[in-house]
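This report covers confidence, strand pairing and core packing. Please read it beside the model.

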Amino acid sequence: SGNEETEQPTSPPQQPTTYMVTVPRGISPGMQFAVEVNGQRMMVTCPPNVQAGMNLRIVPPRANTPVLPRSTGTSLDRPPEQQQQPRSNTRQPLQMQMFEVVVPAGVQPNQQFSLIANGQRVLVTCPPNVSPGQKVRFELPIRNGKDDDSPAVHLDYEDIKDGWCRTLRVTDYKFQWIRMDEDGEIDLTPSPVFDIKHSALTRRLVFLQGNDARMRTGKLSLGPANESWSDSSVHVDGKEVINYTEIAAAQQRPRFEDKSRVFQEMCREKLRVDWSEGHMRVLVRRQHLLHDSIDAVMSLSRDDMRKIWRFEFMSEVGVDAGGLAREWFELVSKKLFDPDFGLFLPSATNQMAMRINPDSELACPEDHLIYFRFLGRVMGKALFDGQLIAGHMVRHLYKHILGWPVMFEDLEIPDEEYYNNLKSLLDLDNVEDLCLNFTFTETAFGVNRDVELVEGGEEIDVTNDNLPEFLEANFK
């Protein structure tokens with residue numbers, strides 16, 4: 001009859017076309033490189049654990065409008081079981097806000113420019129065939145909370161001049177450091193020569209597959225700050241628990257107290273393991289506090305670090321309602337930061353700011369690195385639980401922990417005399433008159449020793465031509 005509907009066969013959904021590209025030389029994980037597919041030029045972000053020369057599969061965007069692409073790669077050089085699996089997410093999907101901006105004067109196709117969108121500094125890549133004065137579009141997640149008291153959506157080209165700032169790449173929502181020059185423009189061509197005023201380094205930490213799941217291993221190095229990036233979300237067991245919009249909202253708050261409060265709320269409400277799902281009992285002897293604490297804490301898994309800890313001092317009557325935890329954090333951290341223990345030394349200009357003792361291996365012969373790992377866990381747990389520790393470090397160590405750019409001027413705080421001596425070399429007409437080489441003298445237990453700044457540094461004389469390299473080597 002006329003009311004009956006006949007089920008029509010449906011054609012299978014069209015599969016997107018994939019292309020295989022090779023990662024160019026000099027590209028490391030997190031960096032972007034340009035490829036051209038069917039006459040369309042796009043930026044591809046190198047995935048983690050993929051190196052130059054490896055093959056990637058990419059899926060070009062279908063849109064024909066100049067909306068910025070979000071291409072990601074899948075490695076073909078790793079077994080299938082090592083490929084990144086789709087992460088399940090039970091949270092409500094993020095709402096996207098479309099922004100339309102005018103390309104500033106002087107920006108060329110595939111060149112990046114910076115602006116403020118929804119209170120967050122973002123890094124936009126000018127699409128191909130788009131000229132200054134034309135409009136481009138891009139999308140950002142927006143917050144959709146009833147109790148959200150953060151600023152409303154807005155967009156402008158707020159000036160930040162002559163300094164480093166953290167921005168968001170709209171291609172993959174990664175945080176990236178960029179340097180703004182004296183005119184408030186992005187410094188896209190950092191000088192290959194080390195500059196004590198403008199150059200900056202950030203730590204690079206690449207985690208490796210370790211033998212013990214409780215103790216990750218990795219490689220730590222220093223690299224140019226403009227090549228540094230970090231994730232803008234937090235995942236636990238493959239599920240996103242904190243998204244970009246929540247981190248961006250906290251970052252926009254002007255008062256440190258507000259940022260600290262939001263951080264503690266995130267730890268308590270989104271990351272902490274519920275008491276009913278497990279908690280930890282830390283039993284220590286006061287006379288063997290450090291030894292017992294290391295044995296207890298270093299045996300915990302990463303999930304155990306997010307559980308609630310309850311402390312007990314053996315042979316002492318007491319219930320941990322918060323006081324025992326505060327005492328434990330204070331006593332343990334005070335011992336580790338004590339210069340007599342050998343892990344840290346006071347800085348030359350501030351006796352309260354501690355720097356790492358370069359001879360900690362001699363001062364603590366029984367595996368000094370385990371003490372630093374233990375201190376890292378103590379500091380992380382203290383941040384997570386809102387506890388205080390009895391120790392302060394020099395500024396650049398905090399920058400390394402946070403992944404912030406470290407500049408040459410940061411040397412002035414731990415050792416002002418050393419900083420001024422290095423800086424004065426730039427005022428000499430001929431540095432060769434000092435007969436320096438690529439070494440420095442280090443004093444350990446009253447004995448001086450020469451340490452090479454670079455391989456074969458003892459045979460390399462410092463000249464006016466390689467002076468920037470000498471300053472950079474000392475800086476590192």
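Two strands pair if DSSP finds at least two bridges between them. Helices (H or I, at least four residues) and strands (E, at least two) are DSSP runs, numbered from the N terminus. This is a predicted model, where local features need pLDDT of at least 70, side-chain atom pairs count only at pLDDT 80 or more, and totals for chains, interfaces and linings use all residues. Residues are numbered from 1 along each chain as its sequence is written, and side-chain values use heavy atoms, with hydrogens and water left out.

Three strands form an open sheet in the order E21-E22-E23, with mixed pairing. Strands E21 (344-346) and E23 (392-393) stand at its edges; each has a single partner strand, so one side of each lacks a neighbour in the sheet. The hairpin of E17 and E18 has 2 residues between its strands, and Asp237 takes a positive phi near 55° there.

| Strand | Partner strand | Bridges |
|---|---|---|
| E21 | E22 (residues 353-356) | 3 bridges |
| E17 (residues 234-236) | E18 (residues 239-242) | 3 bridges |

Leu345 has Arg355 of E22 as its bridge partner.

**Cores**

A nonpolar core is a set of buried Ala, Val, Leu, Ile, Met, Phe, Trp, Tyr and Cys residues joined through side-chain atoms within 4.5 Å. Buried means under 20% relative accessible area (1.4 Å probe, protein chains only). The largest core has 36 residues; Trp309, Trp328, Leu336, Tyr371 and Phe374 have the most contacts inside it. At least two core residues come from each of E19 (280-284), H3 (289-297), E20 (309-313), H4 (323-337), E22 and H6 (368-385). Another core lies apart from it, with 20 residues, including Val103 and Phe138.

Helix H4 buries Leu324, Ala325, Trp328, Phe329, Val332, Ser333, Leu336 and Phe337. Contact means heavy atoms within 4.5 Å. Not counting residues up to four places away in sequence, Leu336 touches Leu290, Phe341, Leu343, Phe344, Tyr371, Phe374 and Leu375.

**Confidence**

The predictor's confidence in each residue is its pLDDT, from 0 to 100. The chain has a mean of 79, with 77% of its residues at 70 or more. Confidence is highest in H3, at a mean of 94, and lowest in strand E6 (residues 74-75), at 36.

How values were computed. Buried means under 20% relative accessible area, exposed over 50%, partly exposed in between (1.4 Å probe, protein chains only).
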